[in-house]
Amino acid sequence: MTAANLDSSELADLYRELILDHARHPRHFGKLEGATHSAEGINPLCGDKLKLYLKLDGAGQIEEAAFEGTGCAISVASASLLTDCVTGTSQSSALTATEDVVARLTGSDPARALPLDKLAALDGVREFPARVKCATLAWHALAAAINEAAEPATTE
Ligand code: ZN
């Protein structure tokens, strides 16, 4: 799926500008050389597929984060925002951020704040339940990478 699959009213509500900017020009895109952790994420519902890479130092700080893969505008933008958000944080903060994003976007705890102002762009996704899995995919992959999960993260 591409951005073309979204109708214009959907896009308007999804903080179109920021999402599309990150989707068209993803930050930290590509394989990360020297990665210490990685995990794949798959969203079969939409066909989004990505691999997330982390480089952790001995103290559990995330020195670098990157991703590669293909997916719809929202899945790519979310992964791009994620890599921006977690670079320079500890792995425990990254896991807390993941819980915050998933709880807020899935509605299980809508009062939970997003960990970063720029993630507000993802908040509009809550209006479109079919798109929530696109937005949370990269975060599930992040948790899988940190937890060194044996299986790819899947939204199903
Ligand atoms: Zn998607």
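A cavity is a set of grid points where a 1.4 Å probe fits but cannot get out. In this predicted model, the largest cavity has a volume of about 30 Å³. The structure holds 1 cavity of 30 Å³ or more.

**The cavity lining**

Strand E2 (48-56), strand E3 (62-70) and helix H3 (73-86) each give two or more residues to the lining of the largest cavity. Asp 48, Lys 49 and Leu 50 are among the lining residues. By class, the lining has 3 nonpolar, 4 polar and 2 charged residues.

**Helix packing**

Two packed helices are described by the angle between their axes and the distance between the axes.

| Helix pair | Axis angle | Axis distance |
|---|---|---|
| H4 and H6 | about 155° | 10 Å |
| H3 and H6 | roughly 35° | within 8 Å |
| H2 and H3 | roughly 85° | within 8 Å |

**H4 with H6**

Helix H4 spans residues 91-106, and helix H6 spans residues 129-146. Angles over 145 degrees count as roughly antiparallel. H4 and H6 are therefore roughly antiparallel to each other. H4 passes H6 in a left-handed crossing. On the H4 side, the contact takes in Gln 91, Ala 94, Leu 95, Ala 97, Thr 98, Val 101, Val 102, Leu 105 and Thr 106. H6 answers with Val 132, Ala 135, Thr 136, Trp 139, His 140, Leu 142, Ala 143 and Ile 146. This contact of H4 with H6 has 12 nonpolar, 5 polar and no charged residues.

**H3 with H6**

The crossing of H3 past H6 is right-handed. H3 brings Ile 74, Ser 75, Ser 78, Ala 79, Leu 82, Cys 85 and Val 86 to the contact. They meet Arg 131, Cys 134, Ala 135, Ala 138, Trp 139 and Leu 142 in H6. The contact of H3 with H6 divides into 10 nonpolar, 2 polar and 1 charged residues. Ala 135, Trp 139 and Leu 142 of H6 meet H3, and Ala 135, Trp 139 and Leu 142 also meet H4.

**H2 with H3**

Helix H2 covers residues 16-24. Angles of 65 to 115 degrees count as roughly perpendicular. H2 and H3 are therefore roughly perpendicular to each other. From H2, Ile 19, Leu 20, His 22 and Ala 23 make the contact. From H3 come Ala 73, Ile 74, Val 76, Ala 77, Ser 80, Leu 81 and Asp 84. The contact of H2 with H3 has 8 nonpolar, 2 polar and 1 charged residues.

Terms used
Residues numbered from 1 in each chain as written. Predicted model: local features only at pLDDT ≥ 70, side-chain atom pairs only at ≥ 80, totals over all residues. Heavy atoms only, no water. 1 Å grid on protein atoms, 1.4 Å probe; cavity = no way out; pocket = protein on both sides within 12 Å on 5 of 7 lines; lining within 4 Å. Points joined across faces, edges and corners; volume = space filled by probe spheres on them. Helix = DSSP H or I, 4+ residues; strand = E, 2+ residues; numbered from the N terminus. Nonpolar A, V, L, I, M, F, W, Y, C, P; charged D, E, K, R; others polar. Axes fitted to C-alpha atoms, helices over the stretch in contact; angles between N-to-C directions. Parallel < 35°, antiparallel > 145°, perpendicular 65-115°, else oblique. Left-handed = near helix turned anticlockwise from the far one by under 90°. Contact = heavy atoms within 4.5 Å.
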